[in-house]
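Work through each task before reading its solution.

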Amino acid sequence: MAAFEYIATDAAGKRHTGVISADSPRDARRALRLRALMALDVNPLRARRQLKQRRAGFRHKVRSKQRVLLVRQLAVLLQSGLQVEQALDAAARSASAPAVQRALHSVKAEIADGARLAEAMTMAPEMFPPLVRSVTSAGEMSGQLGEIMERLASYLERSHSLQQKVRSALVYPALLGFMAFGMVGALMIFIVPKLVEQFDVFGAQLPWITRAIIAVSDAMRSHGLWVVMALAVCLWALSAAPAVPGWKMWRDKTILRLPIVGEYARTICAARFARVFATLAGSGATVMDALAAARSATGNLVFERATDQIAERVREGGALSVAMRASGIFPEMMMHMVVSGEAGRDVPGMMTRAADFLDAEFETGSATLLSLLEPLIIVILGGVVGLVVLSIMLPILQLNTLALG
């Protein structure tokens, strides 16, 4: 079957576009009629577009929730007994975004040409990141693709749920911080200059704190635009920095060295490693395949290079726990559980327990940290506003004292 792009209208006259699989344009039009759509234009996917997708990959931005739903859908379809091509075709039919439909049909076309599913997923790298491709490859080699995709979907759902909790908890502190900066900026730009004009009338010597606030206010009024432009340039440079060789490694190393954030980042990466390793190893994949998938799950170059070293030591005949301890980046508790798993011949089970413990530790720690963030912002805001008010009140009190004297 081939893939065809179509433009059609429904009974209400609404225009629809998308991609449909059929043996010929006539069959494609017939399938559209069964969907109560009248075909206006039906054309095969152009070879130029397919070549462009092969060279550049699928660049459509895919939301995390959309990816989770797609993997879950593929897992259910594969476990129901459908072939890979049939599962992809069914997923493409139910997809609402035309770009997602085109990507799935491109993956299906690659499979029809003889590629494995993991290889065909490279046609849509935004939809199927390295983690999904690695786990899929291990599932194909172990012969348990449906089961492993099911476990992958559960892992992605858990990760997405955790991300949503953190984002939801950050909304109020972020809004509070934005309002705080706006309030302080309004005070410094509009209120303080008006009061300075009143102080200049008396010509009295102002306290040092007042002079400092006035200097900051003058700097914000005269150079504020340049500061905003500099911040915009910095943000642009940070967005373009991943293309610079060595930047990502430096960034990941720096994050792990930070006092509090580094510990949380280490916990997240270790939990991802343990969860994916346990998922694959428990489904019958080899240790090397499980390590390859866990490497892609960490999302940190330091952990990825450490995983490469672990895989090399294991390939040479070393024990997994010894190789992991030699890397020096995994939590000590996790190392004890891996040693216990090797002694009891249940490494996947102990890895799952380690992942559960690390996830719980991160959720508890992040909840505590976020609960402290809100009062911290309020205290900082109150201190800054109080400092501005004090700088205004001191010269007023000084002038009253001189007048009474």
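**Exercise 1. Determine in which helix Leu320 is found, and whether Leu320 is buried or exposed.**

Step 1. Leu320 is found in helix α14 (residues 320-327); helices (H or I, at least four residues) and strands (E, at least two) are DSSP runs, numbered from the N terminus. The model is predicted, so local features need pLDDT of at least 70 and side-chain atom pairs count only at pLDDT 80 or more, while totals for chains, interfaces and linings use all residues. Residues are numbered from 1 along each chain as its sequence is written, and side-chain values use heavy atoms, with hydrogens and water left out.

Step 2. Leu320 counts as buried because its relative accessibility is 8%. Buried means under 20% relative accessible area, exposed over 50%, and partly exposed in between (1.4 Å probe, protein chains only).

**Exercise 2. State which residues Leu320 is in contact with, leaving aside its neighbours within four places in sequence.**

Step 1. Contact means heavy atoms within 4.5 Å. With those neighbours left aside, the partners of Leu320 are Phe277, Leu291, Ile310, Val314, Val338, Glu342, Val347 and Met351.

Step 2. Take Val338 from this list: 18 residues apart along the chain, Leu320 and Val338 have C-alpha atoms separated by 8.0 Å.

Step 3. Leu320 is also among the residues with the most contacts inside the largest nonpolar core, which has 77 residues. Such a core is a set of buried Ala, Val, Leu, Ile, Met, Phe, Trp, Tyr and Cys residues joined through side-chain atoms within 4.5 Å. Its largest share, 11 residues, comes from α11.

**Exercise 3. Describe how helices α3 and α4 pack, and explain why they count as oblique.**

Step 1. Two packed helices are described by the angle between their axes and the distance between the axes. Axes are lines fitted to C-alpha atoms, for helices over the stretch in contact, and angles run from 0 to 180 degrees between N-to-C directions.

Step 2. Helix α3 (residues 64-79) and helix α4 (residues 84-94) pack at an angle of about 135°, with their axes 9 Å apart.

Step 3. α3 and α4 are therefore oblique to each other. Angles under 35 degrees count as roughly parallel, over 145 as roughly antiparallel, 65 to 115 as roughly perpendicular and the rest as oblique.

**Exercise 4. Identify the strand in which Ala22 lies, and whether Ala22 is buried or exposed.**

Step 1. Ala22 lies in strand β2 (residues 15-22).

Step 2. Ala22 has 4% relative accessibility and therefore counts as buried.
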